[in-house]
Amino acid sequence: MTSAPAAPATGAAFLAALRDALPTLRLLTDPAETEPHRWDETEYMRPGIPLGVAFPASTAEVVTIVRLAGAHGVPLVPRGAGTGLSGGAIAADGALTLVLTGLDAIHAIDAENQLVRCGPGVLNAELGRRVAEHGLFYPPDPSSYEISTIGGNLAENAGGLRCVKYGVTRDYVLDLEVVLADGAVIRTGGATVKDVMGYDLTSLFVGSEGTLGIITEATLRLLPLPPPKLTLLAFFDSLTAAGEAVAEVARRGIIPVTLELIDAFTLKAVEAVLKLGLDPDAAAMLMIESDAGGEAAAAELDAAEAACRATGATSVLRAADATEADWLREARRRAHWALEQAGVARTDDIGVPRSAIPAIIAEIGEIGARHGVRIGVFGHAGDGNLHPSFIMDRDDPDAEERLEAVRAEIYRAVLRLGGTIAGEHGTGVPKRKWLAEQRGPAAVAVMHAIKAALDPQGILNPGKLLP
Amino acid sequence: MSAAFLAALRAALPELRLITDPAETERYRHDMTEYAHPGSPLGVAFARSTDDVATIVRLAAAHRVPLVPRGAGSGVSGGALAVDGALTLSLEEMTEILEIDVANLVVRCRPGIINAELGRRVAEHGLFYPPDPASYEYCSIGGNLAENSGGLRCVKYGVTRDYVLGLEVVLADGSVIRTGGKTVKDVMGYDLTGLFVGSEGTLGVITEATLRLIPAPQPKLTLIAFFPSVRAAGAAVAAIFRAGIIPCTLELMDRETNRAVEAAIGVGLDLDAAAMLMVESDAGGAGAVRELDAAEAACTEAGASSVLRSADAKEADWLREARRKAHWALEQGGVARMEDVGVPRSRVPDLLEALEEVAASHGIRIGVFGHAGDGNLHPCFVMERDDPHAEERVERARADLFRHVLRLGGTISGEHGTGTVKKGYLEAQRGPDAIRTMRALKAALDPLGILNPGKLLP
């Protein structure tokens with residue numbers, strides 16, 4: 001499906017046509033200027049050399065660019081803030097990178113219907129702040145929320161820390177405006193929560209990583225702003241006990257807003273740099289939060305604490321107030337950063353059924369030991385989505401190769417346990433070769449057929465998502 | 001060709017229950033759509049396994065015989081209507097629950113299981129499957145998946161799609177795929193789950209589903225409020241949401257419906273009220289009382305003429321009966337052709353006023369009830385049983401209604417599906433380029449066009 005990179009002559013003709021059609025378009029072609037737009041946060045990948053980088057300021061400009069790209073057979077790489085962790089936005093040789101951060105308007109906040117309509121370039125945190133002024137709440141909160149765009153969140157179907165209670169990005173999308181591969185503009189839904197006219201194109205475009213169309217506007221569902229969170233930390237002397245606690249919390253009918261896990265390796269790394277006073281000998285720590293408000297939140301955390309103690313927690317800390325809760329939350333928030341202090345930390349993103357968390361963490365430990373790779377594990381225990389982080393010495397020449405072997409073994413273990421190789425970071429470049437192993441060749445054939453149906457020339461984000 | 005197909009089917013699957021006698025197939029031609037016109041099927045096959053379905057689909061493809069997948073036949077948009085010369089593929093015998101995974105809050109089941117039966121089985125484990133279309137006692141999960149069904153709890157819990165983690169699907173060439181697993185987050189490749197849910201059997205045949213469950217909520221507390229005008233009822237709905245409450249049910253009934261219900265079952269509704277709201281909370285104990293206190297205050301402030309609250313679960317059941325019997329009650333007065341439209345919540349009063357205009361200009365009685373909390377309403381056109389022009393008159397009134405719905409920024413189908421009854425309006429709502437995209441997807445997944453032809457797409 002991947003189209004061949006455009007020949008230089010084609011590229012030059014395309015750029016000339018583009019300048020002609022959109023004289024005011026910001027368009028970079030000098031390699032020194034395009035360099036920062038070649039990468040995302042996957043610094044280990046090798047992006048291509050783009051033809052240029054364009055910054056459209058409207059849907060109409062996106063349409064013109066897509067039409068001209070189609071006419072000249074030049075591929076396009078749509079891009080948000082470049083904070084992705086699966087290479088979805090990295091440059092492709094001879095392709096035009098299309099940066100959508102300029103489409104950052106919040107068009108309407110409809111407080112009565114609890115909706116917001118915005119461009120893809122608005123930052124997740126900015127959207128959150130703006131709707132909070134109306135007492136409203138946009139739940140999806142990837143860790144990158146201060147720096148990632150809504151468009152990127154949509155392209156990857158991003159998750160976050162609140163998914164166990166509130167679900168993922170897809171669950172909040174009511175409507176998209178999408179520029180198709182031939183430049184036609186469609187809307188996939190509307191301002192109603194229920195809508196079953198025709199196929200659910202909204203679901204298809206969310207998570208399609210810019211390979212089926214370019215999202216130029218979204219209507220998102222909001223909730224009433226929840227009360228401030230109460231926070232609890234529980235320490236365990238075995239991963240199995242922590243896993244049991246996660247299951248017990250669910251069994252007792254509690255759906256906390258956050259249910260995070262940090263393993264011993266990560267805990268030590270966090271304590272070493274932050275000195276928060278965490279138990280450095282614990283095998284695992286759980287962070288559990290409630291946003292049920294007032295007495296209900298206290299009751300929820302009482303029940304969660306009881307579940308933790310019943311399954312063998314060695315100690316439990318509860319925040320007395322919001323400041324203390326912030327301080328406890330710091331332990332989880334800094335996990336990746338703390339691991340980075342020990343070397344190059346590469347974060348992976350897997351998911352298993354919740355009950356398989358102890359099993360997968362044990363397997364990851366074994367695999368790491370066998371290959372001599374240090375691995376810290378933390379993540380969203382409440383929904384089974386974990387982020388094993390591989391720590392490598394900066395000057396280890398074989399690191400890449402060993403890592404490849406480790407990843408392969410972990411992914412096979414994940415599939416054996418009924419899990420997924422990508423939970424919330426996307427398929428992108430490094431995981432597309434695993435797609436068939438997880439979904440099977442017939443499902444991949446369906447995806448190829450869909451891609452061919454919507455992007456017959458293969459000009460949209462070639463080399464991403466599909467093998 | 002079709003005789004050869006049936007012979008090949010019998011040879012390949014000698015145990016398959018396959019009926020071809022028109023007297024026997026008759027009851028599988030219809031669904032519950034009024035004024036629908038089903039074709040005459042080649043036969044009806046009752047698959048018992050994924051392998052049966054795969055074999056049937058492969059042979060159908062080889063013989064170019066179309067297939068109409070079908071659950072319990074309780075649909076109201078014509079999705080399961082028989083097609084001339086097609087084999088109806090009933091999935092009603094595939095009813096197994098394969099697994100209830102309590103630790104992971106997941107159930108894996110076949111499409112033929114009835115929604116209420118699934119609910120009862122998972123309740124034995126303290127679990128809850130929220131989607132509850134009004135037909136839940138007799139509709140199948142497969143049908144719910146095909147239509148992306150809604151129900152009364154959507155305002156708080158969302159629709160069928162929100163509970164589907166993975167599907168097993170037999171594709172148009174007979175190959176079998178799985179679209180997801182037991183994990184709540186899964187972003188490998190395209191979201192095929194989302195594409196198949198609501199595709200009405202036109203892209204593949206769903207043979208298994210992995211569904212997400214939640215812990216069983218507390219018993220519900222119920223409130224009903226009567227209003228002198230639809231505007232006042234609309235203001236109450238807005239005030240409830242402004243107060244930050246998400247009730248598990250927020251239903252509306254108009255005067256016409258209240259009168260029909262009262263005439264049929266006599267629960268003591270206020271017959272002079274222009275509209276009634278039913279508000280429920282499943283927050284439990286003091287939380288539920290607080291929610292209903294706030295809802296009551298919102299209703300009173302908006303001008304409710306009276307508010308009733310259930311003292312206990314039994315009384316709540318009794319109040320709920322009024323809403324549950326709405327369609328049936330309207331049917332006591334003639335044929336009640338039920339519609340299914342949605343508007344942004346704040347436009348519900350506008351829609352109700354538009355409906356009054358439609359009723360007056362077409363001389364048709366319209367009773368309206370539905371899910372005010374999510375803007376999804378079910379206007380029912382009530383026609384005399386012996387009116388020879390009923391169907392044409394309903395068609396004209398519907399077209400008018402749909403124009404109003406689009407003007408108000410709404411959808412022509414909220415939860416019942418596009419089927420045969422709304423495919424003619426798909427382009428008016430989505431535009432020609434979106435239709436072209438849908439056709440391209442259909443051609444990509446079903447190049448021979450053998451899966452449920454004539455449904456969903458114009």
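What follows is a chat about domains, strands and chain contacts in a predicted model.

Trainee: Where do the domain bounds of chain A fall?

Mentor: Chain A splits into domain 1 (8-102), domain 2 (106-224) and domain 3 (230-416). Those bounds come from an automatic or database domain assignment.

Trainee: What makes residues of domain 1 and domain 2 of chain A count as in contact?

Mentor: The test is C-beta atoms within 7 Å. By that test, 16 residues of domain 1 of chain A are in contact with 21 residues of domain 2 of chain A. Helix H3 (residues 59-72) of chain A gives the most to the domain 1 side, with six residues. By class, that side has seven nonpolar, eight polar and one charged. The C-alpha centres of these two domains are 23 Å apart.

Trainee: And chain B, how far apart are the centres of domain 1 and domain 2 there?

Mentor: The C-alpha centres of domain 1 and domain 2 of chain B are separated by 23 Å. Here 13 residues from domain 1 of chain B and 22 residues from domain 2 of chain B make the contact. Helix H3 (residues 50-63) of chain B gives the most to the domain 1 side, with six residues. That side holds seven nonpolar, five polar and one charged residues.

Trainee: Back to chain A: why are E2(A) and E4(A) called paired?

Mentor: Pairing takes at least two bridges. Strand E2 (residues 52-55) and E4(A) have three bridges, in the parallel sense, so they pair. A:Val53 sits opposite A:Thr97 in E4(A).

Trainee: What about E3(A) and E4(A), how many bridges join them?

Mentor: Four bridges, again parallel, link strand E3 (residues 76-79) of chain A to E4(A), therefore that pair passes the cut-off of at least two. A:Leu76 stands opposite A:Leu96 in E4(A).

Trainee: Which way do the residues of strand E4 of chain A point, and are they buried or exposed?

Mentor: A:Leu96 and A:Leu98 point one way from strand E4 (residues 96-99) of chain A, A:Thr97 and A:Val99 point the other way, and all are buried. To be called buried, a residue needs 20 or more other C-beta atoms within 10 Å of its own.

Trainee: Now the two chains: how many residues does each give to the contact?

Mentor: Chain B gives 71 residues and chain A gives 68 residues. Elements giving two or more residues to the chain B side include strand E9 (176-178), helix H8 (230-242) and helix H16 (432-445) of chain B. H16(B) gives the most, with nine residues.

Trainee: Which classes make up that chain B side?

Mentor: It divides into 30 nonpolar, 28 polar and 13 charged.

How values were computed. Residues are numbered from 1 along each chain as its sequence is written. Chains are lettered from A and ligands numbered from 1 in the order in which they are written. This is a predicted model: local features need pLDDT of at least 70, side-chain atom pairs count only at pLDDT 80 or more; totals for chains, interfaces and linings use all residues. Ala, Val, Leu, Ile, Met, Phe, Trp, Tyr, Cys and Pro count as nonpolar, Asp, Glu, Lys and Arg as charged, and the others, Gly among them, as polar. A residue is buried if 20 or more other C-beta atoms lie within 10 Å of its own, exposed if 12 or fewer, and partly exposed in between; C-beta atoms are placed from the backbone.
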